[in-house]
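Please read these points with the sequence and the model open beside you. They go from the whole chain down to single residues.

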Amino acid sequence: MIKGLLAIAVLLAMFTVEYITPTHGKPGDTIQVVGKHLKSGTLVELGTRTCRVTRTTGVAIHCIVPPGVGQVDVRVVHPAWPKVVLPK
């Protein structure tokens, strides 16, 4: 029974994304994805491009806006969890 409870606790700790700041920027600007349970290895995609992550904490991911990005959806992807999409 303990193993089952542990599995449920791990699933409940899945990352969440609360907001992005700033909500717009130009290539080379730093943006932050703010949430909970964010881990190293998490990717931030702006449209079809991947944002270069410069720092990850449990509550924020800092990344650099790549060239060629306009108004796009933002996807936060961790290999162990489902993708989170924030519409443009």
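1. Helices and strands are DSSP runs, a helix needing at least four residues and a strand at least two, and they are numbered from the N terminus. Counted in this way, the chain has one helix and seven strands. Along the sequence the pattern reads α-β-β-β-β-β-β-β. Please keep in mind that this is a predicted model.

2. Next, the chain as a whole. It has 88 residues, and 30% of them count as buried. The exposed surface comes to about 5700 Å², with 62% of it supplied by carbon and sulfur atoms. Among contacts with a separation of 6 or more, 44% are between residues 24 or more positions apart.

3. How many disulfides does the count come to? The count is one. A disulfide is a covalent bond between the sulfur atoms of two cysteines. Here the partners are Cys51 and Cys63, whose sulfur atoms are 2.4 Å apart; the cut-off is within 2.5 Å, so the pair qualifies. The link of Cys51 and Cys63 is right-handed, with 80° about the S-S bond.

4. Are the two cysteines buried or exposed? Cys51 has a relative accessible area of 3% and is buried. Cys63 is also buried, its relative accessible area being 0%.

5. His62 is placed in strand 5, which covers residues 60–64. Why does His62 count as buried? Buried means under 20% relative accessible area, and His62 counts as buried because its relative accessibility is 15%. Leaving aside residues up to four places away in sequence, His62 touches Thr30, Ile31 and Gln32, and also Arg52, Val53, Thr54 and Arg55.

6. Where does Thr42 lie? Thr42 is in the loop between strand 2 (30–36) and strand 3 (43–46). Although it is a loop residue, Thr42 is buried, at a relative accessible area of 4%. The side chain of Thr42 reaches the backbone oxygen of Lys39 at 2.6 Å. With residues up to four places away in sequence set aside, Thr42 touches Val53, Ile61, Val76, Val77 and His78.

7. One residue links the last two points. Val53 is among the residues that His62 touches, and Val53 is also among those that Thr42 touches.

Technical notes. Residues numbered from 1 in each chain as written. Predicted model: local features only at pLDDT ≥ 70, side-chain atom pairs only at ≥ 80, totals over all residues. Heavy atoms only, no water. Buried < 20%, exposed > 50% of the residue type's maximum accessible area, 1.4 Å probe, protein only. Contact = heavy atoms within 4.5 Å. Polar contact = N/O pair within 3.5 Å; in protein donor to acceptor, adjacent residues only side chain to side chain. Areas by Shrake-Rupley, 256 points an atom, 1.4 Å probe, with all protein chains shown as cover.
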